[in-house]
Every structure is written in C-alpha cells, then in structure tokens.
Amino acid sequence: MTPGIRPLVAGNWKMNGVSSALDELSRIGQGFMHGLDTQTDALICVPATLLSRACERIKDTPVKVGGQDCHAKESGAHTGDVSAEMLRDAGAKFVIVGHSERRTDHGETNADVKAKTEAAWRAGLQAVLCIGETHEQRTNGEALRVLSEQLSGSVPSSSTAHWLIVAYEPVWAIGTGLTPSVRDVEQAHAHIRQELTNLIGEEAAKVRILYGGSVKPSNARELLGVQNVDGALVGGASLKAADFLAIAEAYDALS
Ligand SMILES: O=C[C@H](O)COP(=O)(O)O
C-alpha cells in the first residue's frame, strides 16, 4: 500500500457470467454495503452483455461496474467491437485496457493500448491499464525492462492519477495459482512507480498500482501488504462473492 492512496480491489470476470451471475454480484454489493469496513474502493468488470443489468443490480452500493476492453474509436464499421462511449452508455465507470489476454488473443500492441486508454478518457471512463512480463521474460532477467517498455509505449503523457490505474499482472501468474515472491512484487511495483514518475512526473506518486495474478483470500494479505501495491485485479476469485469480499477484507484489515 501507499500512504495517502485509497486502495482499489477490482474484479475481472473475463468471459464468464450469464444472467444468473448477477446474484453473485448482488452479494458483492451487499457485502460492501453492510459487512465491510470499506477502506477500499471496489469495482467489478463484467462482460459487456451484463453491463446494464449489473449497474442496475448494484446501483445503491459503493461497488462500481466496468468493461473489460474498448475499441479506440467512438463508432464505425468494426463488427463485434464495443466503444468506450458504448460502455459508458451502459453504465460503466471504468474499463480495463491492455490485459495480457487481449495482447495475446488479439495481438494488441502498446500503441493500441495507449489509443484505448485515450479512448476511455474521451468517454469519461477511468482506465485500468495492464502490464506484465511472461515467464520466459522473467527467467531471462528481462521483467523490469519489459515493464518499462510497456509503460513508455502505452501511458499517455497527460495521465493523471484519477484517470489512470496501472495493474501489474505477471502473465505466468494469471490463472495458474502461481504468484511472485513478495520481494519480486515489491521490486516490480517500485520500478513501475519510478517509471511512471519519469513519464508523468509528480502525479505518479498518486497513481494506484494494482497487483493481479492468482490473488486469493489465502494470499491477499501477504500480496496486498507490499509497499506500492494499492489494490488488486482479481480474476477467478472475483466470480465468487465470498472470495472477493474476503480479499477486500484482507485489505481493510491492513488499512
Ligand atoms: O484480470 C485479472 C487477472 O488476469 C488475474 O486473473 P486470476 O486472478 O484468475 O489469476
């Protein structure tokens, strides 16, 4: 955590969830309404098909709803794509950009991610910009260099702490049950903070830097207690209200 920064615990449902999943979302909303001490902000990024109904379900709770990707353009002949404006129209307040699954499955480059980040802001959405090294890059000692490259290629120079959130997600930790050591997380997050400072100056001190990759109730306290870790981006464990709330509780306990 970083003194003065309000943490964010964000869920990414990925390509999971039909109407019945909204009951789980309601439980998350209720948990933040009644159970938790809520020293943290909460966000769930649902599939685009659920956005409107998700917003309706948790409109009276502190939990925000976001999208998982957006097209860089506002509208046009891009079959199957969704613009940031469409996400906002459906009720989103945030959008994930540059997730490694987008980079791998759709060949998204750092330049694409930068354009999507700017598209998010154009629509009034806060961007959760994901970066992270592969297992091979870490093994070859290239992790920090890769993070620098991703940041310099994708973070707009006009970024502010309100509009930009960075998520460090080692690709090899996503959905695998593997996590980096506390020391490696600390080193990566300190490096990201420094690189952000080089790119956007003093504003970097206030940018939230989330950790993502196999965050569970059992490891949340250890991972989220690391310096410069200002929250989590949670995949699998965000699909179960009890697990997501337990992760948020772990952060509350640290605050
Ligand atoms: O966006 C979320 C991440 O990819 C982490 O997913 P995971 O918690 O299932 O490892």
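**Exercise 1. Overall dimensions**

What radius of gyration would a compact globule with 255 residues have, and what value does the chain have?

*Solution.* The structure is a predicted model, in which local features need pLDDT of at least 70, side-chain atom pairs count only at pLDDT 80 or more, and totals for chains, interfaces and linings use all residues. Residues are numbered from 1 along each chain as its sequence is written.

Step 1. The radius of gyration is taken over C-alpha atoms, and the globule rule is 2.2 Å times the number of residues to the power 0.38.

Step 2. For 255 residues a compact globule would have a value near 18 Å, and the chain, with 17 Å, agrees with this.

Step 3. The C-alpha trace spans about 45 × 45 × 35 Å along its principal axes.

Step 4. A residue is buried if 20 or more other C-beta atoms lie within 10 Å of its own, exposed if 12 or fewer, and partly exposed in between, with C-beta atoms placed from the backbone. Buried residues account for 46% of the 255 residues.

Step 5. Two residues are in contact if their C-beta atoms, placed from the backbone, lie within 7 Å. Of the contacts between residues at least 6 apart in sequence, 75% join residues at least 24 apart.

**Exercise 2. The barrel**

Determine how many helices and strands the chain has, and describe how the strands are arranged.

*Solution.* Step 1. Helices (H or I, at least four residues) and strands (E, at least two) are DSSP runs, numbered from the N terminus. The chain has 10 helices and eight strands.

Step 1. Two strands pair if DSSP finds at least two bridges between them. Such pairing takes place through backbone hydrogen bonds and is either parallel or antiparallel.

Step 2. The eight strands form a closed barrel in the order β1-β2-β3-β4-β5-β6-β7-β8, with parallel pairing. From one strand to the next, the twist averages 25°, where axes are lines fitted to C-alpha atoms and angles run from 0 to 180 degrees between N-to-C directions.

Step 3. Strand β1 (residues 8–12) pairs with strand β8 (residues 231–234) in the parallel sense over four bridges. Within this pairing, A10 has L233 as its bridge partner, and V9 stands opposite A232.

Step 4. Strand β8 also pairs with strand β7 (residues 208–212), in the parallel sense and over two bridges. Here G212 stands opposite L233.

**Exercise 3. The faces of two strands**

*Solution.* Step 1. In a regular strand the side chains alternate between the two faces of the sheet.

Step 1. Strand β3 (residues 64–67) pairs with β4 in the parallel sense over two bridges, and G67 has V95 as its bridge partner.

**Exercise 4. The ligand and I174**

Identify the residues that come nearest to the ligand, and describe the setting of I174.

*Solution.* Step 1. A residue is near a molecule if its C-beta atom, placed from the backbone, lies within 6 Å of it. There are 14 residues around the ligand, and N12, I174, G212, G235 and G236 come nearest.

Step 1. Ala, Val, Leu, Ile, Met, Phe, Trp, Tyr, Cys and Pro count as nonpolar, Asp, Glu, Lys and Arg as charged, and the others, Gly among them, as polar. The shell has five nonpolar, eight polar and one charged residues.

Step 2. I174 is placed in the loop between β6 (164–168) and α8 (182–200). Because 21 other C-beta atoms lie within 10 Å, I174 is buried.

Step 3. Residues up to four places away in sequence aside, I174 touches S100, E169, G213 and G235.

**Exercise 5. Positive phi angles**

Locate S214 and N228, and state the phi of each.

*Solution.* Step 1. S214, in the loop between β7 and α9 (217–224), has a positive phi of about 55° although it is not a glycine.

Step 1. N228, in the loop between α9 and β8, has a positive phi near 70°.
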